[in-house]
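Trainee: I'd like a slow, close look at one part of this model, please. Pick a spot and walk me through who touches whom.

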Amino acid sequence: MVRIEVKKELGSEVVTRQHGKRLREMILTAWSDPPIVVDFEGLRINSVSFFDEAFGQIALTHSEKDLKKIESRGLEKFDAALLQDIIASRLNEAHKRSPR
């Protein structure tokens, strides 16, 4: 198990694609040691760009089953809904791209 404390690793102003890329890299580095707990305690994100870069890009290249390796904790209700929408959208996009 790997725990990524977002505030500790990336700071308290986490909104950019660059922050998202850094988080994605941390998640993928820990990929072989699930679960990967991503802890957002004490943060309000409200950023489509951040969530898309961190999680949406993973959803484009991994299955829904694979994404279950990642556990998000400490998200506010709005952020949790935003994250789920982005993941669903990217999984749908990946499905449309895959050969039939």
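Mentor: A helix here is a DSSP run of H or I, at least four residues long, numbered from the N terminus. Residues count from 1 along each chain as its sequence is written. The model is predicted, so local features need pLDDT of at least 70 and side-chain atom pairs 80 or more, while totals for chains, interfaces and linings use all residues, and side-chain values use heavy atoms, leaving out hydrogens and water.

Let's zoom in on helix H3, which covers residues 48–61. Phe51 and Phe55 both sit in H3, four residues apart, about one turn of the helix. Both are buried (under 20% relative accessible area with a 1.4 Å probe, protein chains only; exposed is over 50%, partly exposed in between).

Asp52 makes a salt bridge (Lys or Arg side-chain nitrogen within 4 Å of an Asp or Glu carboxyl oxygen) with Arg17, their closest N and O atoms 3.1 Å apart. Arg17 belongs to helix H2 (residues 17–29) and Asp52 to H3, so this pair ties together parts 35 residues apart in sequence. Glu53 bridges to Arg17 as well, with closest N and O atoms 2.8 Å apart. That pair also links distant parts of the chain, since Glu53 is in H3 and Arg17 in H2, 36 residues apart. Arg17 itself is partly exposed, at 37% relative accessibility.

How values were computed: Helices (H or I, at least four residues) and strands (E, at least two) are DSSP runs, numbered from the N terminus.
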